Amino acid sequence: MPTTVPTPQPVPPLLQIEDLHVEFDTPDGTVEAVAGVGFSVGAQETVAVVGESGSGKTVTALAVLQLLDGGRISRGRVLWDGTDLTGLDRRALRRIRGNEIAMIFQDPMTSLDPLYTVGHQIVEGLRLHRRIDKRAARGRASSCWSRSHARPAPQARRYPHQLSGGQRQRVMIAIALACSPRLLIADEPTTALDVTIEAQILELLRELQAEYRSAMLLVTHDMGVVAETADRVVVFYAGQVVEQGPTAEVLRDPQHPYTAALLAAVPSGETDRAEPLAAIPGVVPPLRAMPSGCRFHTRCARAWDDCARDEPPLLPLPGGRSARCLLHRSGTALQAAAVKGA
Ligand code: SF4
């Protein structure tokens, strides 16, 4: 008898961000830091959000947990396991923060309380989120402490300022993972660290993510970190997603000139040390003065007349990829190629 092979059902994403807009009020008026961003993170998946400073990646990460200081979500949805977080009250959000979604920040000193020992902070974090007694919290904290490879017990009785940057970040990782969150948001977790410690912290994050079966949303400006860590990459520019897709494919064959320029700026073993490193000319445009058309056109080596006029949508491409560039609009590729070759 022929056997029927069940059709695999698509797994719904754990986190889905849809058409997210974030505004800030400034003395000169309201500005939009995030303008219609959308992407998803699947269970146990690592997604890296990459882009220059001012591209909106950290604001997007903060918007997931509604930790925007002075900003607000003006439009869009942040679906967590199907529930729109933007519609939850503070109490419901508190149940998700730390318990289901945890966050690690760039500088642990801004997150750790200087008045308490780091061991005390892990225990209290557990008691707050898990509502367990002190004894159980101490047991769980001690296990997280050793898993994060923080130095042994005497360090737990130290205050944040008595630890090195790497040790402080290990403490933050122990706190973040203490409640076994389903999603870990890591905002530039290694930027403040030297290269050796950075490699150790990335390795630790990968190890613990596998052990706790957590998904990870990694915010970074470093393509090297993306290559080592992420299953998929989402490239941000000037408050928009300009390209997304599986990491290996995006790095091998970028479909947006900005992604290509970011990759060209990463030195490799073949880079001639006598030559200056490739750099993207200009800077990310200020929020109050976004150029018309494609937001990247003032810096793009492949721009032509249409780019200053037509705003490109995020166009779907084969292989689950997408790119926001007029080069992918049907009928323009040849024209663009001609412009490039001119
Ligand atoms: Fe460059 Fe034009 Fe594509 Fe924008 S739309 S990235 S300016 S080629």
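Reader: Hi! What classes of residue are in the lining of the second largest cavity?
Author: There are five nonpolar, three polar and three charged residues in that lining. Here Ala, Val, Leu, Ile, Met, Phe, Trp, Tyr, Cys and Pro count as nonpolar, Asp, Glu, Lys and Arg as charged, and the others, Gly among them, as polar. This is a predicted model, where local features need pLDDT of at least 70 and side-chain atom pairs pLDDT 80 or more, while totals for chains, interfaces and linings use all residues. Residues are numbered from 1 along each chain as its sequence is written, and side-chain values use heavy atoms, without hydrogens and water.

Reader: Thanks! Which residues line the second largest cavity?
Author: Tyr 237, Gln 240, Val 242, His 256, Gly 293, Cys 294, Arg 295, Phe 296, Glu 311, Pro 312 and Arg 324. Its volume is about 60 Å³. A cavity is a set of points on a 1 Å grid over the protein atoms alone where a 1.4 Å probe fits but cannot get out, and lining residues have an atom within 4 Å of a point. Volume is the space filled by probe spheres set on the points.

Reader: And how many cavities of 30 Å³ or more are there?
Author: Two. The largest cavity has a volume of about 100 Å³. Of its 14 lining residues, Pro 257, Cys 294, Cys 300, Cys 307 and Cys 325 are the closest to its centre. By class, that lining has 10 nonpolar, two polar and two charged residues.

Reader: Switching to pockets: what volume does the largest pocket have?
Author: About 810 Å³. A pocket is an open set with protein on both sides within 12 Å along at least five of seven lines. The lining has 28 residues, with Arg 97, Gly 98, Gly 125, Leu 128 and His 129 nearest the centre.

Reader: Which element gives the largest share of that lining?
Author: That's α3, with seven residues. Helices (H or I, at least four residues) and strands (E, at least two) are DSSP runs, numbered from the N terminus. By class, the pocket lining has 15 nonpolar, seven polar and six charged residues.

Reader: Last one: at what angle do the axes of α5 and α6 cross?
Author: Roughly 15°, and the axes of α5 (residues 165–177) and α6 (residues 195–212) come within 11 Å. That makes α5 roughly parallel to α6, a label for angles under 35 degrees. Axes are lines fitted to C-alpha atoms over the stretch in contact, with angles from 0 to 180 degrees between N-to-C directions.

Reader: Which residues of α5 make the contact?
Author: Gly 166, Gln 169, Arg 170, Ile 173 and Leu 177. They meet α6 residues including Ile 197, Leu 204 and Tyr 212, where contact means heavy atoms within 4.5 Å.

How values were computed. Parallel < 35°, antiparallel > 145°, perpendicular 65-115°, else oblique.
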